[in-house]
Number of protein chains: 2
Amino acid sequence: MIISILGHGVVGKGVWEMLQGNPLYTVRNVLVKKGEKTADFMTESFETVLNDDSELVIECMGGIDPAYAFTSKCLEAGKSLISSNKALVAAHGIDLLEIARRKNLSFIFSAACGGAIPILQNLCRARKTDTIEHAGGILNGTTNFILDSMDRLGLGFDEALAKAKALGYAEADPTADISGMDTMRKIMLISMVAYDVLPNSDYDIEGIQSVSAADFSAADKLGCTIRLVGNCGLSESGRLYAYVQPVLCSRGSLLAGIRSNVNLAMYHGKNAGDMSFMGQGAGRYPTASAILRDVSSVTDGQKQLLGEKCLVGFACNDAKECTKKFFVRTSSSTFASLSEKIAIEKVLFEEDGKKWAVTRPLTVSEMHRQVSDARRRGLEVFFAELQEEQA
Amino acid sequence: MIISILGHGVVGKGVWEMLQGNPLYTVRNVLVKKGEKTADFMTESFETVLNDDSELVIECMGGIDPAYAFTSKCLEAGKSLISSNKALVAAHGIDLLEIARRKNLSFIFSAACGGAIPILQNLCRARKTDTIEHAGGILNGTTNFILDSMDRLGLGFDEALAKAKALGYAEADPTADISGMDTMRKIMLISMVAYDVLPNSDYDIEGIQSVSAADFSAADKLGCTIRLVGNCGLSESGRLYAYVQPVLCSRGSLLAGIRSNVNLAMYHGKNAGDMSFMGQGAGRYPTASAILRDVSSVTDGQKQLLGEKCLVGFACNDAKECTKKFFVRTSSSTFASLSEKIAIEKVLFEEDGKKWAVTRPLTVSEMHRQVSDARRRGLEVFFAELQEEQA
């Protein structure tokens with residue numbers, strides 16, 4: 001099979017390397033940025049790729065512009081598509097799928113969610129014979145590295161972020177990671193594969209910007225640590241929900257055991273029960289290994305990861321399943337202002353002018369809305385879902 | 001697709017239930033034991049299944065006789081085969097595969113290893129584009145339940161086994177589980193899929209028969225617990241190794257986090273890195289869910305899990321990768337007799353007439369041989385591999 005690659009960064013270079021010496025595949029062209037052509041197999045011209053004889057294009061450029069224009073043109077030109085670009089798939093996956101179906105081409109994007117972890121392919125397979133009741137996990141290695149460093153090394157947020165940057169685990173601009181948006185994009189892909197629905201609005205996202213060293217000390221007193229977790233699922237009424245938020249989880253739990261930049265993807269099948277997959281969620285060779293598995297799947301004839309009829313749009317967040325208790329912190333002076341709006345079950349600690357408490361059960365959307373309102377009123381608030389006790 | 005099922009026990013009944021109402025599949029016959037036919041769809045005659053119009057037979061009988069005769073006849077008669085029977089596949093998988101290939105039929109057995117965990121299908125996919133450096137895990141729920149109960153509830157071995165039986169987690173005769181043989185059969189299947197080699201001799205197996213409540217107390221002093229783990233892999237010289245033995249693992253490690261009867265399957269891909277899969281390793285619906293995924297794969301045209309050329313036989317156990325330190329316990333009075341043969345690095349504790357120590361590094365096969373010799377001399381010995389420190 002003749003393949004061309006769009007992009008020669010961390011992932012693209014890994015894919016190129018791994019395809020060398022494989023007798024089944026020939027790499028025709030690799031699109032590089034202007035001024036970066038250093039070898040014959042590279043081209044700076046997208047037209048060269050578009051007009052070459054490749055049957056399959058692997059997109060590892062990242063970003064939406066020009067990745068969307070390039071990938072849609074490649075599909076229209078009759079080339080199958082593999083992408084590792086979660087922003088592209090979350091924004092335009094359904095448009096690309098529509099072209100792929102019309103042209104009877106493959107469009108697969110396993111590496112866009114979970115890196116080396118084969119969560120999308122396994123969901124795609126499981127949903128055919130089981131009901132996926134909920135799915136999600138720790139899907140961003142940057143934030144997990146920061147949280148784990150704060151927990152185990154006692155670092156403050158800024159120090160932990162600096163360490164992540166120094167080790168190459170965080171980008172120069174880490175906003176998409178620490179805001180939770182990167183996790184939500186992966187939840188979108190999981191929801192598309194598990195439920196045929198792309199939740200493109202009405203989701204609730206809380207990242208890790210508000211977490212402090214003092215919150216980890218408070219968590220530790222409860223025998224807990226903090227992780228950032230994304231979720232989606234079917235409510236009892238059959239509606240979909242999706243959200244990202246910190247979770248207070250007990251030491252010894254699976255979530256707490258996810259260290260450094262490791263990712264955890266989970267689903268609960270009605271028949272299979274709880275299924276968990278752990279591995280490297282990013283990095284050159286782990287991500288490239290997922291792309292190579294997709295190349296093999298395309299060779300075997302796989303056309304897509306999504307169901308017949310994937311819809312855009314979604315609702316919910318008032319579902320019964322989304323009712324949780326929360327661990328919440330604000331300053332002692334503003335605590336009354338918060339507890340007026342959010343019913344508190346119990347104040348846990350008061351220290352250095354801060355109070356930590358547990359709320360009564362409320363819906364995720366109500367909690368996010370109330371915290372957002374409180375912040376608009378000037379309150380500093382950190383909150384995390386209380387993980388339910390496990391067997 | 002028309003399907004017949006051999007067996008109507010825990011798994012067979014689950015498969016039958018899950019296929020009801022699915023418009024893609026019709027169950028023609030279900031083979032039950034003599035005297036157990038209670039419905040029209042059941043038959044007590046294997047000839048009825050052999051001569052029916054089913055294209056696919058699902059074998060959930062367990063055991064080798066008559067499962068091997070029945071499944072080979074079904075393949076010869078032109079029916080594809082799915083099996084959840086690890087004893088059958090470990091003993092005759094290569095013979096069955098040979099018939100399936102000759103007749104261009106499917107033969108898949110995902111449910112025979114790991115229950116709901118899709119380890120074999122993921123290895124089958126991963127090995128096409130990555131090098132599987134080693135694989136294994138906690139592959140027997142019965143022994144994990146016993147070890148976890150001893151650890152968390154402080155039970156003795158007999159009490160924990162009785163509890164496992166009472167809850168249906170252990171069979172009336174638990175020998176295959178507690179001896180480690182069940183884990184080794186699953187390692188055989190993993191090795192077949194990952195390496196095209198069935199290790200059918202020369203492997204080392206230590207089960208959990210020798211573990212006592214006092215060993216858990218000793219482990220706890222080190223911040224550790226005990227798990228039974230199976231392994232196979234490629235040595236630096238390219239030879240294969242396979243063994244099953246208890247592991248002393250630190251609390252907070254992934255192994256220690258596997259609770260109750262949950263299973264953990266792992267592999268290390270040269271490119272993908274460490275991949276771990278957790279889920280239910282047994283039980284009606286989890287196992288049936290794996291069979292249903294296989295049914296879907298056969299529908300999609302998958303023929304097999306194994307490589308082109310699967311070999312029987314294997315060697316190794318003196319490989320460099322199999323050199324470990326061990327946690328070892330014997331009575332104070334026989335300790336000198338043991339330490340004459342196994343170099344001890346450090347005595348850890350002495351209590352109630354027993355000594356616990358750590359050995360110097362030695363190969364797995366040397367350790368198993370020396371302990372076996374010591375037991376022939378009348379010594380009571382418990383040992384467990386010391387898990388290497390993780391990041």
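Predicted model: local features only at pLDDT ≥ 70, side-chain atom pairs only at ≥ 80, totals over all residues.
Local features are given only where pLDDT is at least 70 and side-chain atom pairs only at pLDDT 80 or more, while totals for chains, interfaces and linings use all residues. Residues are numbered from 1 along each chain as its sequence is written, and chains are lettered from A and ligands numbered from 1 in the order in which they are written.

**View 1. The two copies and their axis.** Chain B can be laid on chain A by a turn of 180° and a shift of 0.0 Å along the axis, with an RMSD of 0.0 Å; the superposition is by least squares on the C-alpha atoms of residues with pLDDT of at least 70 in both copies. The two copies are therefore related as by a two-fold rotation axis. In chain B, F277(B) has the C-alpha nearest the axis, at 2.3 Å from it. Both copies use the same surface, since 100% of the contact residues of chain B recur in chain A.

**View 2. The contact between the chains.** Here 33 residues of chain B are in contact with 34 residues of chain A; two residues are in contact if their C-beta atoms, placed from the backbone, lie within 7 Å. On the side of chain B that touches chain A, helix 5 (119-126), strand 13 (273-280) and helix 11 (284-299) of chain B each supply at least two residues. Helices (H or I, at least four residues) and strands (E, at least two) are DSSP runs, numbered from the N terminus. This side of chain B holds 15 nonpolar, 13 polar and 5 charged residues. Ala, Val, Leu, Ile, Met, Phe, Trp, Tyr, Cys and Pro count as nonpolar, Asp, Glu, Lys and Arg as charged, and the others, Gly among them, as polar.

View 3. Strand 13 (residues 273-280) of chain A and strand 13 of chain B run antiparallel and are joined by 3 bridges; two strands pair if DSSP finds at least two bridges between them. F277(A) has F277(B) as its bridge partner.

**View 4. The parallel sheet of chain B.** An open sheet of 6 strands has the order 3-2-1-4-5-6 in chain B, with parallel pairing. Strand 3 (42-43) and strand 6 (107-108) of chain B are at the edges with a single partner strand each, so one side of each has no neighbour in the sheet. Strand 1 (residues 2-6) and strand 4 (residues 56-59) of chain B pair in the parallel sense over 4 bridges, and I5(B) stands opposite I58(B) in strand 4. Helix 3 (residues 67-76) of chain B lies across strand 1, strand 4, strand 5 (80-83) and strand 6 of chain B, at about 150° to strand 5. Axes are lines fitted to C-alpha atoms, for helices over the stretch in contact, and angles run from 0 to 180 degrees between N-to-C directions.

**View 5. Helix 5 of chain B.** In this helix, 8 of the 8 residues are buried, so helix 5 of chain B is largely enclosed by the rest of the structure. A residue is buried if 20 or more other C-beta atoms lie within 10 Å of its own, exposed if 12 or fewer, and partly exposed in between, with C-beta atoms placed from the backbone. Among the buried residues are L120(B), L123(B) and R125(B). The cover over them includes helix 11 (284-299) of chain A, together with strand 7 (132-138), helix 9 (181-195), strand 12 (262-269) and strand 13 of chain B.

**View 6. V295(B) in helix 11.** V295(B) lies in helix 11 of chain B and counts as buried, because it has 26 C-beta neighbours inside 10 Å. Leaving aside neighbours within four places in sequence, V295(B) is in contact with T129(A), Y25(B) and I82(B). From C-alpha to C-alpha, V295(B) and M1(B) are 9.5 Å apart in space, and they are 294 residues apart in sequence.

**View 7. Backbone details in loops of chain A.** The peptide bond from D65(A) to P66(A) is cis, with omega near 15°. P66(A) is in the loop between strand 4 and helix 3 (67-76) of chain A. S260(A) is in the loop between strand 11 (240-250) and strand 12 (262-269) of chain A. Phi of S260(A) is near 50°, a positive value in a residue other than glycine. S260(A) counts as partly exposed, because it has 15 C-beta neighbours inside 10 Å.
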